[in-house]
Amino acid sequence: TMAKVSLSWIALLFLNFPQLSMQWMTPEKFLSRSNYQRRRCAGENHHSVLKMSSSSSSIPPSDDDAKVKAAKMASFEDAQVLGQNLATILMESCSKGEELPEEARNMLRALVSTTSGARGWFVTLLTDPDYEAIFTQPKLDASLLEALCDNPQPNIQLMTMNVAMSTATELVHLQNNNPEFAAGSRMTRDRSRIIVEALIGGDDFVLPGLREELVKLRSAVEPWDINEKKKEVPPSNSNKEWVKFTKKWGYNSEQRAAILEQLDQIL
């Protein structure tokens, strides 16, 4: 339903639409700016993983190389639809205790190799309540972790942002008396953490550079000082890029403290 999908979109769609402002963009406006909800088809065969746009519908389903190429070329919106299909296959495989089919593995690896594809994948995987079974297994599916490890960029930064943005957005919803939306952001944060934690301290998979990126973000959300002009200033050793990120989204001291708490628990 519309309500289900809108619950936790805020955190990740800020990432995908950097021209939008947290101060005025509402969940309804986010949804009106995206084709995602209109493109969900309840009766779709999720194993026909190329049913994602008119531009790719002409590719023969048996042409695996063409499918992988299409995944690499997917726009952000197409990636969400393809991501929905792949996430459904992944959920079904997890529920049965089976491995992800090879075709789906190859397409997932291709999808997360680009910024648009990875963003679309995370928006779908992290914000849709239907995919809870993926995150309640004793271990995350190896195919998912392998795909991310094979593509450190852009995923290291995106996964770090996912933790920060969902954490900060939960507070915004609570302040606006929107507990349902806050719960959606909290779900996004928890799922983001599960993936990150599996890739920085797991027995089977370690993504080089991810822990370091989290540490950089942490330096930017440590308590800020108050200067002589009574303005907040970050510590001198803060990572400049992540300080810029926190300022871009207007994170206040409470939001930075919440992000710091999450990072300390992860690290």
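Trp-242, Phe-245 and Tyr-251 form one aromatic cluster. The model discussed here is a predicted one.

**Aromatic rings**

- The structure contains two aromatic pairs.
- In one of them, the ring centres of Trp-242 and Phe-245 are 5.0 Å apart and the planes stand at 80 degrees; because planes over 60 degrees apart count as edge-to-face, this pair is edge-to-face.
- Phe-245 also pairs with Tyr-251, again edge-to-face, with 5.8 Å from centre to centre and 80 degrees between the planes.
- Trp-242 and Phe-245 both belong to helix H14, which spans residues 240–248, and they are three residues apart, or about one turn of the helix.
- An α-helix has 3.6 residues a turn, so residues three or four places apart point the same way.
- Trp-242 and Phe-245 are both buried, and Tyr-251 is buried as well.
- A further ring, that of Trp-224, has the charged end of Arg-256 sitting over it, 3.8 Å from the ring centre.

**The two sides of helix H14**

- The buried residues in H14 are Trp-242, Val-243, Phe-245 and Thr-246.
- Viewed down the axis of H14, these buried residues fall within an arc of 155 degrees, and therefore they line one face of the helix.
- The face turned away from this buried side carries Lys-240, Glu-241, Lys-244, Lys-247 and Lys-248, which are exposed.

- Helix H5 covers residues 64–73, and Ala-66, Lys-67, Ala-70 and Ala-71 are buried in it.
- Around the axis they cover an arc of only 140 degrees, which means that they lie on the same side of H5.
- Asp-65, Lys-69 and Met-73 are exposed on the other side of H5.
- Asp-65 has a relative accessibility of 66% and so counts as exposed, since the limit for that class is over 50%.

**The largest pocket**

- The volume of the largest pocket is about 240 Å³.
- Its lining consists of 16 residues, and those nearest the centre of the pocket are Pro-138, Lys-139, Leu-140, Leu-145 and Ala-198.
- H12 makes the greatest contribution to the lining, giving four residues.
- Sorted by class, the lining of the largest pocket has nine nonpolar, three polar and four charged residues.

**Residues apart in sequence**

- Thr-169 is located in helix H11, which covers residues 152–175.
- With a relative accessibility of 1%, Thr-169 counts as buried, because that class requires a value under 20%.
- Thr-169 and Gln-255 are separated by 86 residues in sequence, while their C-alpha atoms are 8.3 Å apart in space.
- Asp-65, which has its place in helix H5, is 38 residues from Glu-103 in sequence and 9.8 Å from Glu-103 in space, C-alpha to C-alpha.

Definitions and conventions. Residues are numbered from 1 along each chain as its sequence is written. This is a predicted model: local features need pLDDT of at least 70, side-chain atom pairs count only at pLDDT 80 or more; totals for chains, interfaces and linings use all residues. Side-chain values use heavy atoms; hydrogens and water are left out. On a 1 Å grid over the protein atoms alone, a cavity is a set of points where a 1.4 Å probe fits but cannot get out, and a pocket is an open set with protein on both sides within 12 Å along at least five of seven lines; lining residues have an atom within 4 Å of a point. Grid points are joined across faces, edges and corners, and a volume is the space filled by probe spheres set on the points. Ala, Val, Leu, Ile, Met, Phe, Trp, Tyr, Cys and Pro count as nonpolar, Asp, Glu, Lys and Arg as charged, and the others, Gly among them, as polar. Rings of Phe, Tyr and Trp (its six-membered ring) pair if their centres lie within 6.5 Å; planes under 30 degrees apart count as stacked, over 60 as edge-to-face and the rest as tilted. Buried means under 20% relative accessible area, exposed over 50%, partly exposed in between (1.4 Å probe, protein chains only). A charge sits over a ring if NZ of Lys or CZ of Arg is within 6 Å of the ring centre and within 35 degrees of the ring normal. The arc is that of the directions from the helix axis to the C-beta atoms.
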